[in-house]
Amino acid sequence: MGVLIPLFKTREHDCRETFLDEEEKLRLKLIRNSIEALKREEEAVENEISEKCREEIDRLNIIDRKLRALEYEAEQLCESSKSTIHPHCGR
């Protein structure tokens with residue numbers, strides 16, 4: 001079964017909490033809690049998709065493996081005959 005990859009990389013913010021007033025600290029805490037809740041929700045949705053679409057994900061993985069194998073084979077053919085012009089190799 002395939003693995004879902006997040007579309008966006010999460011990054012940690014370096015924030016000096018000591019320079020924040022109480023209202024800003026509270027806002028920061030709320031933001032961090034919201035981020036964690038969204039991460040949990042994202043994981044739940046990914047799990048639900050994986051369960052509901054197991055067959056489709058398996059089919060996509062099979063297609064991907066076949067596609068990669070054919071692309072690799074095409075590259076090998078092009079590499080092995082550099083002197084010959086091949087329409088699929090872009091030469």
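Mentor: Gladly! A helix here is a DSSP run of H or I with at least four residues, and helices are numbered from the N terminus. Keep in mind that this is a predicted model.

Trainee: In which helix is the place of Leu28, and is Leu28 buried or exposed?
Mentor: Leu28 has its place in helix α1. Buried means under 20% relative accessible area. Leu28 has a relative accessible area of 15%, so Leu28 is buried.

Trainee: What span should the 31 residues of α1 have?
Mentor: The expected span is 1.5 Å times one less than the number of residues. The end C-alpha atoms of α1 are 45 Å apart, which agrees with the span that its 31 residues should have, 45 Å.

Trainee: How is α1 oriented relative to α2?
Mentor: Helix α1, residues 22–52, packs with α2 at an angle of about 80 degrees, and their axes are 4 Å apart. Angles of 65 to 115 degrees count as roughly perpendicular. Therefore α1 is, relative to α2, roughly perpendicular.

Trainee: Which residues of α2 are met by Ile49, Ser50, Glu51 and Lys52 of α1?
Mentor: The residues of this contact divide into two nonpolar, one polar and four charged.

Trainee: Is Ser81 buried or exposed, and which backbone oxygen does its side chain reach?
Mentor: Ser81 is found in the segment after α2, which covers 54–80. Its relative accessibility is 18%, so Ser81 counts as buried. At 3.0 Å, the side chain of Ser81 reaches the backbone oxygen of Leu77.

Methods
Residues are numbered from 1 along each chain as its sequence is written. This is a predicted model: local features need pLDDT of at least 70, side-chain atom pairs count only at pLDDT 80 or more; totals for chains, interfaces and linings use all residues. Side-chain values use heavy atoms; hydrogens and water are left out. Helices (H or I, at least four residues) and strands (E, at least two) are DSSP runs, numbered from the N terminus. Buried means under 20% relative accessible area, exposed over 50%, partly exposed in between (1.4 Å probe, protein chains only). A polar contact is a pair of N or O atoms within 3.5 Å; within protein, one must be able to donate a hydrogen and the other to accept it, and residues adjacent in sequence count only if both atoms are side-chain atoms. Axes are lines fitted to C-alpha atoms, for helices over the stretch in contact, and angles run from 0 to 180 degrees between N-to-C directions. Angles under 35 degrees count as roughly parallel, over 145 as roughly antiparallel, 65 to 115 as roughly perpendicular and the rest as oblique. Ala, Val, Leu, Ile, Met, Phe, Trp, Tyr, Cys and Pro count as nonpolar, Asp, Glu, Lys and Arg as charged, and the others, Gly among them, as polar.
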